[in-house]
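This briefing covers a few local features of one protein chain. Please look over the sequence and the structure before reading on.

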Amino acid sequence: MGANAFALQKVPGFEATDYALLHGRVVWVGEHAATDHPRNLHAPWWPALPAVHVGPHSPVALQVGAHLCQTQVLPWLAQQQPLGGLLPWLQGGALPFPLEGARGRLVTLQAALRSADLAAIAAASIALLGLGPGLTPSGDDLVGGVWFALRLLIQPQAHAALAKPFDAARESILDAAATRTNRISAALLQDTLDGASYRVLHEAAAAIAAQDRPDTVAACTRLVQLGASSGADMLAGLLTALTEFPIPSDPALP
């Protein structure tokens, strides 16, 4: 870290975590554990991330891969280990307290995704922020997974008609996160909404897009092992958005 060490400050209220503030920015500084995330102050994303090929046909590939994941990979995973966090919801299973009480909010998010109304999806996402215990609550992680997927499906950088609504939705979620969840989770959520998250989430999306079952099994297994339930919740959000959101029209069109 060098000179950066002198600029680091504890995050108020989270002094015992592996996060700190560097010139006001939340960064990961843990010495005895590893996190492959862009906020890792030591070596963010090394080696380079796997590519999720984004092009006119990638939304179709992502959605086909997501259906395969739900019908083949998740049942296999459920036999190997209990599916944590909000992931059992995708298979109609019961959720632990207090997550079961949010089932109605999950159904609202699902309906909003089907409508392809980004403002409605944002409102449904905001209702889930702060849900659940932990440094990054389950609701935050699921919302991150949803918008990570939407960025891949919509490709706002190439889709002029959806770029402004996407940015407006993103801003509304981040504004709400400032008061609905803790500072660290809000920072990590911002990264995920910007398409930058843990390596294992990028690997899972790349494997799903490639429709490679062995790679998807391996990548999703690594993802669900992230944190107490963070990876499972991100995967739940990723798959929900990929399977429910209708594929946008050709991004090459105005």
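Predicted model: local features only at pLDDT ≥ 70, side-chain atom pairs only at ≥ 80, totals over all residues.

Where is T35 found? T35 sits in the loop between β3 and α1 (58-80).

**T35**
- T35 counts as buried because its relative accessibility is 11%, and the cut-off for buried is under 20%.
- Leaving aside neighbours within four places in sequence, T35 is in contact with W28, N40 and Y198.

**V26**
- V26 belongs to strand β3, which covers residues 25-28.
- With a relative accessible area of 4%, V26 is buried.
- Not counting residues up to four places away in sequence, V26 touches Y19, A20 and L21, as well as R39, R183, I184 and A187.
- R39, one of these contacts, is 13 residues from V26 in sequence. The C-alpha atoms of V26 and R39 are 7.3 Å apart in space.

**Aromatic pair**
- How many aromatic pairs does a search of the whole structure find? The search finds one.
- The pair is made by W147 and F166, whose ring centres are 5.5 Å apart.
- The ring planes of W147 and F166 stand at 65°, so the pair is edge-to-face; planes over 60 degrees apart fall in that class.
- Distant parts of the chain are linked by this pair, as W147 is in helix α4 and F166 is in helix α5 (residues 160-180). The two residues are 19 residues apart.
- W147 is buried, with a relative accessible area of 0%.
- F166 is also buried, and its relative accessible area is 0%.

**Largest pocket**
- The largest pocket holds about 490 Å³ of space.
- Its lining is made up of 28 residues. Of these, T136, D141, G227, A228 and S230 lie nearest the centre of the pocket.
- Which elements give two or more residues to the lining of the largest pocket? They are α4 (138-154), α6 (183-193) and α9 (230-244).
- By class, the lining of the largest pocket has 15 nonpolar residues, 11 polar residues and two charged residues.

Key:
Residues numbered from 1 in each chain as written. Heavy atoms only, no water. 1 Å grid on protein atoms, 1.4 Å probe; cavity = no way out; pocket = protein on both sides within 12 Å on 5 of 7 lines; lining within 4 Å. Points joined across faces, edges and corners; volume = space filled by probe spheres on them. Helix = DSSP H or I, 4+ residues; strand = E, 2+ residues; numbered from the N terminus. Nonpolar A, V, L, I, M, F, W, Y, C, P; charged D, E, K, R; others polar. Buried < 20%, exposed > 50% of the residue type's maximum accessible area, 1.4 Å probe, protein only. Contact = heavy atoms within 4.5 Å. Phe/Tyr/Trp six-rings, centres within 6.5 Å; stacked < 30°, edge-to-face > 60°.
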